[in-house]
Amino acid sequence: QVQLVESGGGLVQAGGSLRVSCAASGRTLSSYSMGWFRQAPGKEREFVGAISWSGGVTAYGNFVKGRFTISRDNAKDTVDLRMISLKPEDTAVYYCAATRVSMTARANEYDYWGLGTQVTVSS
């Protein structure tokens, strides 16, 4: 069993940057690919990006356009999502998730989820 806890969300102005982190407990993350998703009110959960178990490969949703970067530290069992040039439409609850399926964008293929952290971007 893996427990995931997100942190680092908050309020930021448009054009600003923010880092959200995901910490794991219960089992090491090193054998899992990790993903970030987000969900805005009234919208479906959206794939933000994923990182391979080694950290050597990343993939991002089309809307990211170079603004977000995912990294991981397997020694600390943490995964970070760094966001720059934030827009009001990036406002959402951001979730990290773990999967044994490599680099998938499908939420239903993730086995473990955190409770999410709110990111609000003001205009």
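This dialogue covers the salt bridges of a predicted model.

Student: What ground rules apply here?

Tutor: The model is predicted: local features need pLDDT of at least 70, side-chain atom pairs count only at pLDDT 80 or more, and totals for chains, interfaces and linings use all residues. Residues are numbered from 1 along each chain as its sequence is written, and side-chain values use heavy atoms, with hydrogens and water left out.

Student: How many salt bridges are there?

Tutor: Side chains of opposite charge can pair when their charged atoms come close. The rule asks for a side-chain nitrogen of Lys or Arg within 4 Å of a carboxyl oxygen of Asp or Glu. The count is 6 salt bridges.

Student: Which residue pairs with arginine 38?

Tutor: Aspartate 90 does, with the closest N and O atoms 2.8 Å apart. Arginine 38 sits in strand β4 (residues 33-39) and aspartate 90 in the loop between β8 (78-83) and β9 (92-99), so the pair ties together parts 52 residues apart in sequence. Strands are DSSP runs (E, at least two residues), numbered from the N terminus.

Student: Are arginine 38 and aspartate 90 buried or exposed?

Tutor: Buried means under 20% relative accessible area, exposed over 50%, partly exposed in between (1.4 Å probe, protein chains only). Both arginine 38 and aspartate 90 are buried.

Student: What about aspartate 80?

Tutor: Aspartate 80 bridges to arginine 82 at 3.7 Å between the closest N and O atoms. Aspartate 80 is buried at 13%; arginine 82 is partly exposed at 37%.

Notes: Helices (H or I, at least four residues) and strands (E, at least two) are DSSP runs, numbered from the N terminus.
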